[in-house]
Amino acid sequence: MENFPIVDMGKLNTEERASTMELIKDACENWGFFELVNHGISLELMDTVERLTKEHYKKCMEQKFNEMVATKGLESAQSEINDSDWESTIFLRHLPVSNMSEIPDLDDHYRKVMKEFALELEKLAELLLDLLCENLGLEKGYLKKVFYGSKGPNFGTKVSNYPPCPKPELIKGLRAHTDAGGIILLFQDDKVSGLQLLKDDQWIDVPPMRHSIVINLGDQLEVITNGKYKSVMHRVIAQTDGNRMSLASFYNPGNDALISPAPALVKEDETSQVYPKFVFDDYMKIYVGLKFQAKEPRFEAMKATESSINLDPIATV
């Protein structure tokens, strides 16, 4: 079994830069996932985020989750459940406009800490996009510009808890899917595991590692790279012991961003462009209903609407 790719970002400023860039390239081409250490985000800040997130769940979310489980009868299930997940979530939007002031039960300290954490993740996401550009032979800033649209990117954090589950064989923490958006930065529990990705038809554990940030690529990067990089199916397995914390931050294109394969990655004959051109928000409207299905029909649906889109090539550069 190959080792899950772990990237030490501290090496980017040393003589090991070339080998580190090669590791990122291989991870993007063959895994769709990699794990970052020495990523530059304060470890003290991460510890505070973890503590406050777990406190918030106990204080404000646990009872609601237990009520949902009781209402749906999940604990008494006798057969596999395919229409629910064993997770408790809230979604914090950061860009283009924050929603944190509107979410009840978030105390001011937690809001302040999450805002600080989001700013660090935003910087890291944009650095990673430029590293991907470098590996792809695209001009620096290309991916950020494509994502920008007219109002800037969409950026938000899905704060999830996966409580102990009495019947993990019948219900997933989160059903298998690919992510719709751009680049995803995950701060996950370092003690309770559960995240798995699909590689070569095998489910592989994403190893919990203290203070790491797990990166995975969404459908939009598969399209922009014309399939050179792939979004990968992943899931969360519910556990009988321990409450798994997960903060997944999604750096996505703006709603009106025009998404298409980068011209530099399409060979001269147009037949090599196998991915559609579309407006990001149109893709999301389809994704909502098809999240837990294969991505290929979503791409085909976008191809069917392609001719109706007025794509000004200048807007995507």
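Guide: A term before the pocket: lining residues have an atom within 4 Å of a point of the pocket. Also, this is a predicted model.

Visitor: OK, how many residues line the largest pocket?
Guide: 35 residues line it. Phe 91, Lys 158, Asp 179, Phe 250 and Lys 291 lie nearest its centre.

Visitor: And what volume does the largest pocket have?
Guide: About 630 Å³.

Visitor: Which element gives the largest share of that lining?
Guide: Strand 4, with six residues. Among the others that supply at least two each are strand 3 (88-95), strand 11 (244-252) and helix 6 (280-290).

Visitor: How does the lining divide by class?
Guide: The pocket lining has 18 nonpolar, eleven polar and six charged residues.

Visitor: Switching topic. How many cavities of 30 Å³ or more turn up?
Guide: One, in a search of the whole structure. The largest cavity has a volume of about 40 Å³.

Visitor: What lines that cavity?
Guide: Asp 47, Glu 50, Phe 187, Gln 188, Asp 189, Asp 190, Arg 210 and His 211. By class, that is one nonpolar, two polar and five charged residues.

Visitor: Now the core. How many residues are in the largest nonpolar one?
Guide: 78 residues. Phe 34 and Leu 128 are among those with the most contacts inside it. Helix 3 (residues 108-136) brings the largest share, 14 residues.

Visitor: What does Phe 34 touch?
Guide: Leaving out residues up to four places away in sequence, its contacts include Phe 4, Ile 24, Leu 128 and Ile 213.

Conventions: Residues are numbered from 1 along each chain as its sequence is written. This is a predicted model: local features need pLDDT of at least 70, side-chain atom pairs count only at pLDDT 80 or more; totals for chains, interfaces and linings use all residues. Side-chain values use heavy atoms; hydrogens and water are left out. A nonpolar core is a set of buried Ala, Val, Leu, Ile, Met, Phe, Trp, Tyr and Cys residues joined through side-chain atoms within 4.5 Å. Buried means under 20% relative accessible area, exposed over 50%, partly exposed in between (1.4 Å probe, protein chains only). Helices (H or I, at least four residues) and strands (E, at least two) are DSSP runs, numbered from the N terminus. Contact means heavy atoms within 4.5 Å. On a 1 Å grid over the protein atoms alone, a cavity is a set of points where a 1.4 Å probe fits but cannot get out, and a pocket is an open set with protein on both sides within 12 Å along at least five of seven lines; lining residues have an atom within 4 Å of a point. Grid points are joined across faces, edges and corners, and a volume is the space filled by probe spheres set on the points. Ala, Val, Leu, Ile, Met, Phe, Trp, Tyr, Cys and Pro count as nonpolar, Asp, Glu, Lys and Arg as charged, and the others, Gly among them, as polar.
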